[in-house]
Amino acid sequence: MDLSRLNEPQREAVLHVEGPLLVLAGAGTGKTTVITFRICKMLENGIKPENILGVTFTNKAAKEMEERLHKLLPWLKRGQLTMSTFHSFCCRVLRRHAKKLGYNNNFGIADEGDTTDIIREIIIDRHIKNKELNTPYFISAISNAKNDLKEPAELRASKRSFLQVVGEVYQYYEERLRQMNLIDFDDLLRLVVKLFEQEPKVLKAYQDKFQYIMVDEYQDTNHCQAKLLNFLTGTRYNLAVVGDDDQSIYGWRGADIANILDFPNRYPNTTVIKLEENYRSTNIILRAANEVIACNTKRHGKALWSGQENGDLITLIEAEDGDKEAEYTADVLRAYNVDKKIPYSDMAILYRSNHLSRRMEQSLRKRTIPYRIVGSKAFYERREIKDAAGYLRIIANPMDELAFRRIINVPPRGIGTKCMEKIEACSQSKKCTMLAALRDDELRKLLSPKVKGEIDHFLAAYDTAALKFATPGNLAENINEFLNDVGYVGGLKKIYKKHEESLTRQENVLEFIDSALSFNEKALLDFLEINSLTDAQDRVNDKNDDDEGGVTLMTVHASKGLEFPLTVIVGLEQNLFPHERSLSEGGVDEERRLFYVAVTRAKKHLFLTRAIKRQTFGKQGHTRPSQFLIELPPDLVERADMKTFFKPASQEQVAATFDMLMNRYGGDS
């Protein structure tokens with residue numbers, strides 16, 4: 001394999017095969033190239049592909065690495081080497097061994113909406129009336145407990161009363177999931193760690209299979225994921241992790257930066273390699289990023305540099321208020337599009353909080369600048385798609401009570417609240433699923449002829465579909481037939497009264513059915529699992545036709561891993577970026593890492609903006625500059641005077657533009 005295109009540290013990382021390895025890959029330093037080349041080198045050295053496990057955080061990253069590997073090694077068969085996300089890998093393990101933990105192998109995966117519904121129900125049932133202990137609080141607290149591998153009993157035994165309440169809700173939540181044969185996202189990881197702890201033979205089998213492990217974005221791992229990797233590594237210690245502690249920005253969802261900071265101590269004789277040559281940004285942008293992040297003391301020291309030119313100075317725009325900030329931002333984008341011929345699709349506006357996008361949108365619309373917002377409602381979160389998926393979930397897992405409740409009266413079948421109470425009572429008294437209760441003779445005597453007829457039609461379609469789905473293959477066709485036979489597709493007109501809306505929803509459902517074509521020979525459970533485990537970040541670059549060619553608006557968190565020739569970071573004020581909540585919780589280091597991520601998205605042109613006054617909660621007030629602006633080296637930043645920033649066109653420019661228009665549209669007429 002030709003390694004001449006790699007720089008020296010990259011080459012060193014690729015050639016290191018045995019023993020623990022920590023690759024500190026700064027932003028834009030070619031880490032994906034290192035990972036793929038290293039795997040190729042391992043295969044070249046005679047290591048079997050089935051003995052290698054590659055772990056990423058998104059399906060998109062896993063797929064990209066697989067594609068690169070197959071370009072480099074056309075002989076490598078798909079599936080020979082395991083390249084997977086943490087959740088997909090753990091789901092595969094549990095499909096084989098769930099019964100050892102008391103679950104059925106056809107368990108369903110509870111999404112965020114399911115979790116919200118269950119916990120909201122528990123709060124009502126347990127009469128928890130403390131306003132601070134609300135549904136989002138419990139969701140976060142239970143997720144953190146699972147990531148820290150804590151059981152409900154451990155929290156209930158706490159001396160702190162609020163933790164006791166969390167432990168109680170956690171316990172009821174787990175019981176409800178088990179009753180419905182459901183597992184949530186955090187359980188996928190936690191239960192595999194539990195399995196490995198309780199079943200040494202199962203663990204040994206996986207250790208023998210995966211003798212070489214590589215992990216991408218290691219700075220984003222939590223306690224549970226680090227423990228899982230430690231189990232799999234065993235005594236071989238052939239664990240190679242790639243990451244950047246300076247880009248650890250997910251502490252709020254459980255990521256533990258100590259995993260990457262302490263890696264050399266946890267794994268003795270670790271080889272540490274730093275990738276510092278950046279292939280993305282100009283040196284001025286990199287120097288600015290280096291200076292700011294150096295203010296964090298708990299980090300692996302590194303400094304990015306580039307073989308490129310120094311480039312333009314960073315431009316700081318200080319606007320009178322939030323409206324002017326948005327106007328100036330839009331004017332800059334238009335000017336760079338017209339004067340420097342930078343396509344709008346090469347531009348991004350990044351913000352710390354979503355609410356800042358509204359004024360930006362207004363200014364872009366006013367100037368007819370095309371744009372797209374990343375992070376708006378995802379396709380799979382739309383009501384009609386969740387309904388369609390609910391029909392499939394109840395086929396795959398008849399115990400899924402949440403799916404049953406969602407779809408049984410969609411479209412309307414006359415099954416209202418009182419009828420549902422009868423179904424629930426029958427289910428509880430007969431100790432059967434709600435789906436099975438529909439067939440109970442005693443229950444049917446209590447139902448009106450119309451409702452009985454609707455239920456009979458539903459069950460007939462269900463039974464026919466269940467037989468078809470029992471055998472993998474023809475997945476899209478079977479889904480289409482079932483959703484039509486059961487009356488869902490045709491019933492959209494009853495649910496959505498406006499003709500245009502019902503047509504749009506129907507198109508979305510048909511798109512959902514078409515998406516199954518990619519998995520046509522797989523089982524229904526596989527299709528549902530893939531959709532459940534597709535992270536929001538996997539869809540960041542998904543564009544509709546309407547989106548192409550526009551400025552990208554997104555949060556800094558969503559921008560990680562992306563790059564743009566022109567980047568604007570807005571709202572750089574104290575308590576906004578860095579965020580007030582993070583400052584109150586002592587999290588300025590993570591906020592600084594977030595700013596570092598934002599800065600290193602820019603390739604050539606970087607603009608920073610702030611409003612001197614900003615309206616918050618209906619009141620206009622003076623702001624203070626973000627401390628990150630103060631930490632920037634003054635010689636790298638120029639303040640823009642917006643009165644003179646856009647210079648009038650010279651006579652030569654006017655003449656050149658006129659000639660261009662005459663040539664384009666013809667001047668003979």
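Select Glu-384 and Asn-508 to begin: their side chains make a polar contact at 2.7 Å, where a polar contact is a pair of N or O atoms within 3.5 Å, one able to donate a hydrogen and the other to accept it within protein, with residues adjacent in sequence counted only if both atoms are side-chain atoms. The coordinates belong to a predicted model, in which local features need pLDDT of at least 70 and side-chain atom pairs count only at pLDDT 80 or more, while totals for chains, interfaces and linings use all residues. Residues are numbered from 1 along each chain as its sequence is written, and side-chain values use heavy atoms, with hydrogens and water left out.

Stay on Glu-384, which lies in helix 17; helices (H or I, at least four residues) and strands (E, at least two) are DSSP runs numbered from the N terminus. With a relative accessible area of 1%, Glu-384 is buried, a label that means under 20% relative accessible area, against over 50% for exposed and partly exposed in between, using a 1.4 Å probe and protein chains only. Not counting residues up to four places away in sequence, Glu-384 touches Tyr-488, Tyr-496, Arg-505, Asn-508 and Val-509, contact being heavy atoms within 4.5 Å.

Beyond four places in sequence, the contacts of Tyr-488 include Glu-384, Tyr-391, Val-410, Pro-411 and Ile-495.

From Tyr-488, follow the contact to Pro-411, which lies in the loop between helix 18 (401-407) and helix 19 (417-430). The peptide bond joining Val-410 and Pro-411 is cis, with omega about 5 degrees. Another cis peptide bond joins Phe-577 and Pro-578, with omega about 15 degrees, and Pro-578 is found in the loop between strand 13 (564-569) and helix 28 (580-584).

Return to helix 17 (residues 383-396) and select Ile-395, which counts as buried at 10% relative accessibility. Tyr-462 is 67 residues from Ile-395 in sequence, yet their C-alpha atoms are 7.3 Å apart. Leaving aside neighbours within four places in sequence, Ile-395 is in contact with Tyr-462, Ala-465, Ala-466, Phe-469, Phe-482 and Leu-524.

Now select helix 9, residues 185-198, whose 14 residues should span 20 Å at 1.5 Å a residue, in agreement with the 21 Å between its end C-alpha atoms; the expected span is 1.5 Å times one less than the number of residues. Ten of the 14 residues are buried, including Asp-186, Leu-188, Arg-190 and Phe-196. Among the elements covering the buried residues of helix 9 are helix 4 (86-97), helix 8 (161-179) and helix 11 (223-233). At the N-terminal end, Asp-184 caps helix 9, with a side-chain oxygen 3.2 Å from the backbone nitrogen of Asp-186.

Continue to Gln-211, in the loop between helix 10 and strand 6 (212-215), where 25% relative accessibility makes Gln-211 partly exposed. A polar atom of the Gln-211 side chain lies 3.0 Å from the backbone oxygen of Asp-208. Gln-211 touches Asn-51, Arg-236 and Asn-238, not counting residues up to four places away in sequence, and the C-alpha atoms of Gln-211 and Asn-238 are separated by 6.7 Å.

Tyr-237, in the loop between helix 11 and strand 7 (239-243), has a positive phi of about 60 degrees although it is not a glycine. Lys-341 also has a positive phi, near 60 degrees, and is exposed, with a relative accessible area of 64%.

Next, select Ser-281, in the loop between strand 8 (271-275) and helix 14 (283-293). Ser-281 is buried at 0% relative accessible area, and, beyond four places in sequence, touches Leu-286, Ser-306, Gln-308, Thr-600, Ala-602 and Lys-603.

Finally, colour by pLDDT, the predictor's confidence in each residue from 0 to 100. The mean for the protein chain is 91, and 94% of its residues reach 70 or more, but pLDDT stays under 50 over residues 539-547. Where pLDDT is low, the predicted coordinates should not be read in detail.
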